[in-house]
Amino acid sequence: MAGVIRRLDEAVVNRIAAGEVIQRPANAIKEMIENCLDAKSTSIQVIVKEGGLKLIQVQDNGCGIRKEDLNIVCERFTTSKLQKFEDLASISTYGFRGEALASISHVAHVTVTTKTADAKCAFRATYSDGKIKAPPKPCAGNQGTQITVEDLFYNVNTRRKALKNPNEEYAKILEVVSRYAIHNSGISFSVKKQGDTVSDVRTLSSASTVDNIRSIFGNAVSRELIEVGCEDANLAFKMKGYITNANYSVKKCIFLLFINLWK
């Protein structure tokens, strides 16, 4: 006998969709870092607890979010980066679908504290299942946005149980932030566990790409780098990067590639 086809409840649909976007703490941090970069931040600070399962806090000094937009900032497909389909041809941001914060809010408790340059104070709002829980409240704060994510996957037990090693999750977080730090010289990044005084990853806004490679991978790698690049005007193609020379030998190969179609 054939099974009956039924429409899934909206809450179930949203949790399934959220699980496609946010698979583990490192995914959530990747999405939030890209939002920070799109907001023209020059400083991005990440604090985590229990591998990001208990707490993720991402602070930037970017343009901030307008108070008027806080009501819908965690709803799916709400974005400041795209208005019409044709805009995809000239997109110049990391994100554009407006799904990241929405997805996180369906599997965690989210608090957003933000201030724009022209606002007299910051505003704070909390979210659950893509919806704001109460009107934004004024508070003290510097320009930029702080997003706090608590109890990730509290309502998805199977995913929570699969991520039972906080140390492994923290290692993945460090890897994600390190890659974005190397690719974005001129922006300071830091990552540390809550309560620690020393960051496990830290780069400076004044540092070059090679400085960041040295900070993250060590002197042995940075001393043996060769700068490479090529450009083809006909293909509108430009590539630049660094590779280690023949003097450097290591068992583990690390290949870091960013493809920016808009640059």
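1. Contacts along the chain. The model is predicted. Among contacts between residues at least 6 apart in sequence, 59% join residues at least 24 apart. For Ile 104 and Tyr 127, the separation is 23 residues in sequence and 9.7 Å in space.

2. Overall make-up. The chain has 263 residues, and 39% of them count as buried. Seven helices and 11 strands are assigned in the chain. Its accessible surface is about 15900 Å², with 51% of that belonging to carbon and sulfur atoms.

3. Helix α3. How many of the eight residues of α3 are buried? The count is eight of the eight for this helix, which spans residues 100-107, so α3 is largely enclosed by the rest of the structure. The buried residues are Ala 100, Leu 101, Ala 102, Ser 103, Ile 104, Ser 105, His 106 and Val 107.

4. Ile 104 within α3. Ile 104 belongs to helix α3 and has a relative accessible area of 0%, so it counts as buried. Leaving out residues up to four places away in sequence, Ile 104 touches Ile 22, Ala 28, Met 32, Val 110 and Val 149.

5. Helix α6. In α6, which covers residues 209-217, Val 210, Asn 212 and Ile 213 are buried. These residues cover an arc of only 160° around the axis, which puts them on the same side of α6. The cover over the buried residues of α6 includes the helices α5 (166-183) and α7 (219-222). Strands are also part of that cover, among them β9 (201-203), β10 (225-232) and β11 (237-244). Just after α6 comes Gly 218, with a positive phi of about 100°.

6. How α5 and α6 pack. Two packed helices are described by the angle between their axes and the distance between the axes. For α5 and α6, the axes come within 8 Å and cross at roughly 160°. Because an angle over 145 degrees counts as roughly antiparallel, α5 is roughly antiparallel to α6. On the α5 side the contact is made by Ser 178, Ala 181 and Ile 182. On the α6 side it is made by Thr 209, Asn 212, Ile 213, Ile 216 and Phe 217.

7. Thr 203 in β9. Thr 203 lies in strand β9 and is buried, with a relative accessible area of 3%. Its contacts, apart from neighbours within four places in sequence, include Asn 212, Ser 215 and Ile 216. Thr 203 is also in contact with Ala 181, Ile 187, Ser 188 and Phe 189.

8. Ser 190 in β8. Ser 190 is found in strand β8, residues 188-193. Is Ser 190 buried or exposed? Its relative accessible area is 15%, which is under the 20% limit, so Ser 190 is buried. Not counting residues up to four places away in sequence, Ser 190 touches Ile 44, Gln 45 and Val 46, and also Ser 199, Val 201 and Arg 202.

9. Lys 40 is not a glycine, yet has a positive phi of about 65°. It sits in the loop between α2 (25-38) and β1 (43-49). Phe 153, again a residue other than glycine, has a positive phi near 65°. Its place is the loop between β7 (144-150) and α4 (157-162). As to accessibility, Lys 40 counts as exposed at 66%, whereas Phe 153 counts as buried at 1%.

10. Lys 67. The loop between β2 (55-60) and α3 holds Lys 67. Lys 67 is partly exposed, with a relative accessible area of 42%.

11. Cysteines. How many disulfides are there? The count comes to zero, taking a disulfide as a pair of cysteine sulfur atoms within 2.5 Å. Cys 36 counts as buried at 3% relative accessibility, while Cys 63 counts as partly exposed at 45%.

Notes: Residues are numbered from 1 along each chain as its sequence is written. This is a predicted model: local features need pLDDT of at least 70, side-chain atom pairs count only at pLDDT 80 or more; totals for chains, interfaces and linings use all residues. Side-chain values use heavy atoms; hydrogens and water are left out. Buried means under 20% relative accessible area, exposed over 50%, partly exposed in between (1.4 Å probe, protein chains only). Helices (H or I, at least four residues) and strands (E, at least two) are DSSP runs, numbered from the N terminus. The arc is that of the directions from the helix axis to the C-beta atoms. Contact means heavy atoms within 4.5 Å. Accessible areas come from the Shrake-Rupley method with a 1.4 Å probe; for residues, only the protein chains shown count as cover. Axes are lines fitted to C-alpha atoms, for helices over the stretch in contact, and angles run from 0 to 180 degrees between N-to-C directions. Angles under 35 degrees count as roughly parallel, over 145 as roughly antiparallel, 65 to 115 as roughly perpendicular and the rest as oblique.
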